[in-house]
Each structure stands twice: as structure tokens, then as C-alpha cells.
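We will visit the core, then the ligand.

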Amino acid sequence: MRTEFLPYCLPMIGEEEVQEVADSLRNGWVTTGPKVKRFEEAFAEYVGARHAIAVNSCTAALHLTLAALGIGPGDEVIVPTLTFCSTANVVVHTGARPVLVDVNPRFQIDVDAVEQAITERTRAIVPVHYAGQACDVDELIALAKRHGIAVIEDAAHAAGASYRGRKIGTHGMAAAFSFYATKNMTTGEGGMITTADDQLAERIRLLSLHGMTRDAWKRYSEAGSWYYEVTESGFKCNMTDIQASLGIHQLRRLDGFVQRRREIATAYRSAFADLPQLQLPEERPD
Ligand SMILES: *Cc1c(COP(=O)(O)O)cnc(C)c1O
């Protein structure tokens, strides 16, 4: 029997992360700089995505993606009932209406129920890969295609997860990852958007930093220029080099973190296997 409190998902921060953060504090790049770019490139390569845009949370990642798609008042966005509140909160922030749809025994949004919830106002589905297991991605994307709506994946639990041979972050129109302290890897607070869509990526980037024209951070470096335009009223969701310092090293350890979580899940699964009172979550083979 355990006697002390068992904390929930303590982050595993190594000496390399500590040294990298110290390097940022000493080199003076305390806000968005070259390490954010390195982290974005490394994450895009890991996932196999065309673009990766680092921001300060998954909540911001989801909000910016909806905003970049022009979703707003009068629109509906379908979200699962079982999720963290920000999946629905961000829909409210855009002025659109979140439409809650129930989940299946794998804890993933139910595709038939999604189909029934689609109206002429529906603009997007935001499925959650709950507990790091993929939702019914192909079925949802096929359904969305038939109705001309977007699938934006809430991949907050799914950094390192795969579906049918490809990493999560390469299937829907865009995917939003979380690097909050309890997630698969952490930057303290942080998030990432992956997408294959050039225009969407550019618009998310613009909206993430005040609506200032591209690579505005470069204005602080020798290579950059002080000249920029503010082309619309953007938000303020950029990641800092201090956060990216953590991310660069956490990403290298991500497969190990996922492996360790699987070991723990397997231990619970076998410990609970003989209890008829419990129905254990199903895991799909693909
Ligand atoms: C944690 C979480 C979020 C929000 O992530 P932040 O990085 O804390 O903004 C969104 N969706 C789900 C399913 C989450 O678990």
C-alpha cells in the first residue's frame, strides 16, 4: 500500500533541458528566436508534417486555427463531450457555437453521432485523440469531405501517437498539440499546430503574433529588418526560446516517454483484468 500522495503525471526534466534553458537565459534570446525555429523544424520532421507552428498553448493552437479558417458567429463546430474544456471554450471565443457529441467505448467521438449533428451551419469537427489513442480518423475525414467541412484534430494527448502507419498530425486539415506540464512532453506551457496547407500555416503564423507580417521576430537580429506591416488584428500566442529549449530536448525523449506510459497502462490493465465490476477501455490495433 502506498502511504504518500501519488502525484499526477510529473514532468521528467533532464539535465540537457536545464542546460539549454540556461543557455537561452545567458544568450539573451528570452522571447521568440532561433530555438523556436529549430523546435518547429524538429517537430515537423518527427511528425512528418509540412508545417509546424509553435505557440504558447494547445488552447491557442486550436483558437488560432479556427480563427484562421474564418469560423465565427452563426457557425457551429462539433466537439466531443469527453475532453478538456478548452476544446469547446475556443469555439465560444470565435463567436461560433460548440455542438457536443457523445463518445464511444474507446472514449473517442462517435462518428454516427457526428453525422447526425451536422447542419448547414457546421464548419468544422474537432475530434480529440483521447488518452493518446487515435479517434476514427479516416471515417471522420471521409464524412467531413462529403459535407465540405474541416477536421481539426485536438492532439493534446497524442504527441508521439500514430494511426495506420502515420504519426498523428498528418491526417486532418490541422492538428493542435499541447506541451502543458502533464502531457506526453512538456515545455512548461506550450503548443504546436501542424498542417500541410501552406495558406493556412501562413495565416496562423500571422494571427499568432499581432497580425504582424512574417518572421517579425527576425527584426531583432542582424539578418532581419525593422520594417513590418500589421495587416489585421492578430493575437499574442508566440512561443519563447526558453520554452523551445525544453521542447527541443523533450522531443528527443518523446518515444521513451510514450513507451513508459504504455508500460504503466499495461500494468493497470493487467491489475484490473479480473475485476468484473470494471469495463476496461478498448484499444484499437491500428
Ligand atoms: C490539455 C488539453 C488542452 C489544452 O492544452 P493547453 O496546452 O493547456 O492549452 C486541450 N485539449 C485537451 C484534450 C487537453 O487535454
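A nonpolar core is a set of buried Ala, Val, Leu, Ile, Met, Phe, Trp, Tyr and Cys residues joined through side-chain atoms within 4.5 Å. Buried means under 20% relative accessible area, with a 1.4 Å probe and protein chains only. The model is predicted, so to speak of local features takes pLDDT of at least 70, and side-chain atom pairs count only at pLDDT 80 or more, while totals for chains, interfaces and linings use all residues. Residues are numbered from 1 along each chain as its sequence is written, and side-chain values use heavy atoms, without hydrogens and water.

**Stop one: the core.** Select Phe39, Phe43, Ile78, Val114 and Phe177. Of the 44 residues in the largest nonpolar core, these five touch the most other members. Now show helix H2 (34-47), which gives the most to this core: six residues. Helices here are DSSP runs of H or I, at least four residues, numbered from the N terminus.

Next, pick Ile78. Beyond its neighbours within four places in sequence, its contacts (heavy atoms within 4.5 Å) include Val99, Val101 and Ile125.

**Stop two: the ligand.** Which residues are closest to the ligand? Select Thr59, Asp154, His157, Ser178 and Lys183: they are the closest of the 15 that surround it (a heavy atom within 4 Å).

Zoom in on Thr59. One of its polar side-chain atoms lies 2.5 Å from an oxygen atom of the ligand. At Asp154, a side-chain N or O atom is 2.7 Å from a nitrogen atom of the ligand. At Lys183, a polar side-chain atom lies 3.0 Å from a ligand oxygen atom.

Key:
Buried < 20%, exposed > 50% of the residue type's maximum accessible area, 1.4 Å probe, protein only. Helix = DSSP H or I, 4+ residues; strand = E, 2+ residues; numbered from the N terminus. Polar contact = N/O pair within 3.5 Å; in protein donor to acceptor, adjacent residues only side chain to side chain.
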